[in-house]
Amino acid sequence: MLTYKGKSVFGGIAIGKIRVYSKGEQQVKRIKVDHAEDEVVRYREATAAAIAQLQGLYDKALKEVGEANAAIFEIHQMMLEDDDYCESVENIITTQKVNAEYAVAQTADNFAQMFSSMDDDYMKERAADVKDISERLVTILNGKETSAIDAGEPVIIVADDLAPSETVQLDKDKVLSFVTVHGSVNSHTAILARTMSIPALIGTSLPLDSSIDGKMGVVDGTNGIFYIDPDDEILDEMMQLREKEEEKKRLLQTLKGKENITLDGQKILLYANIGNIKDLATVRQNDAGGIGLFRSEFIYLEKDQYPTEEEQFQIYKTVAETMAGKRVIIRTLDIGADKQCDYFEMEKEENPAMGCRAIRICLTRPEVFKTQLRALFRASAYGKIAIMYPMITSVKEVRKIKEIVAQVKEELKQQGIEHGDPEQGIMIETPAAAIISDMLAKEVDFFSIGTNDLTQYTLAIDRQNIALDDFYDPHHPAVLRLISMVVDNAHREGIWAGICGELGADLELTREFLAMGVDELSVSPGRILPIRKIVLETNVAEYKENRG
Ligand code: PEP
Ligand code: MG
């Protein structure tokens, strides 16, 4: 048995097989072969296997995300059968007498270069596709599984670190837990683990070689321990602990359907944070009163080109309809910092967290912003959608947004396209926004405090830097004072203020937030019932008296 310590980002116990997740890039060597015809056969067999894999992915995507999103797998199948592509691979194998892997990789490079140099935007985008299909072929030729996505049974994902663009590709039903060597408590992998309510550890210094792949693992998310090949005693103990956790969850289920009201009659809204349509099931299971933060940038991260207005409209409409009249706050794209999207082709920055991200991208690329706004305004005719803008620092930005929104509404009207009139709010996640929240409150319908970034910018601590996790203190009085100030300023102008950063789920602060008069907490779905329990047991007046 091997034991490793890690930092817990979500509690609970996971028991299952380990899958080492490695990045997609593969090294391909050029190897001379004696029998080129055998390599051609290997190549043809790999093509058939790749087409079968893609058919499986197409069927799955069709059910989960609809025909428009599934179409890409169909396109990839066709590309694999393309005459020019096949001829090129077979020609390299037979004329150069080399291995199939090399011929595929070489063809991928040649075709990708050719596509990229074309004038037609559609053809340019095919460069990424040709690389993608070729990587699939090379993986099959190497005899490896494509990735954890194709794992047959739920597994514990062990990785160096996972970028948001990688986590979005994981089949969430197949993930029992995340264990990473790097990453930080506030990284989006950590946030994803909380959204999925699965145990996760970061900063676990374990070897990432294939020797642990497929072995039995146990993640003790409560105590921050990862066991590989656990002995019977540990396995027994962990199974008992897991049973206890399940029991706790069952007890919390009895709170479903209850109002979030304190003993002395103060109410609070408990909403859920989501990043994906698939999270809606847990939102409902946990009895959320609405969605307080839909991180729409994940729609962009899942794709290798800008999502169209229609694609976005379908997603927002589905969320609005599924939530059946409950408030759904959709945040406009917060790309940048750790959430990088290649096709945005952003300049490399020294300090991306302080660089061109979120609303700064939207205001400098109004065409991208307008596409999302059109989709949001159209979808708001189908439910109670609210729009929220991230990374605001000034009144000027809000006014600029309003101008663009007015243009979008006018255009929709001119085109006779149905749309709603959603509430519009902003995230308070920069110290600047918090400090001028009295001015900003006059401009918008609501505030939602993003404590992840607010802590990072207030304390000047990079939220991604695990070495600084001990300094990253969201309980710092500076952060708490800013929150309290924002809530007061919101109320003075008659608007509501919530918290959608991770701090909102901190059970040690629930009573304090009630005392501050916070109107809404938006948290990962699994946190809603534990917070409701505290709310129901709290007397706010008494709490205020006792804390002085
Ligand atoms: C925040 O900063 O608190 C927030 C909710 O936004 P994100 O974590 O997506 O940056
Ligand atoms: Mg933020």
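The largest share of the shell around ligand 1 in this predicted model, three residues, is contributed by α17, helices being DSSP runs of H or I with at least four residues and strands runs of E with at least two, numbered from the N terminus. The elements giving two or more residues to this shell are α7 (188-196), β10 (291-295) and α17 (451-459). By class, the shell comprises four nonpolar, five polar and eight charged residues, where Ala, Val, Leu, Ile, Met, Phe, Trp, Tyr, Cys and Pro count as nonpolar, Asp, Glu, Lys and Arg as charged, and the others, Gly among them, as polar.

Of the 17 residues around ligand 1, those that come nearest are Arg 295, Arg 331, Gly 450, Asn 452 and Arg 463, a residue being near if one of its heavy atoms lies within 4 Å. Polar contacts (pairs of N or O atoms within 3.5 Å) include one of 2.8 Å between a polar side-chain atom of Arg 295 and an oxygen atom of ligand 1, and one of 2.8 Å between an N or O atom in the side chain of Arg 463 and a ligand oxygen. A polar backbone atom of Thr 451 lies 3.1 Å from an oxygen atom of ligand 1. The protein covers 100% of the 290 Å² of accessible area that ligand 1 has on its own (Shrake-Rupley method, 1.4 Å probe).

Residues are numbered from 1 along each chain as its sequence is written, while chains are lettered from A and ligands numbered from 1 in the order written. Local features need pLDDT of at least 70 and side-chain atom pairs pLDDT 80 or more, whereas totals for chains, interfaces and linings use all residues, and side-chain values use heavy atoms, without hydrogens and water.

Definitions and conventions: Polar contact = N/O pair within 3.5 Å; in protein donor to acceptor, adjacent residues only side chain to side chain.
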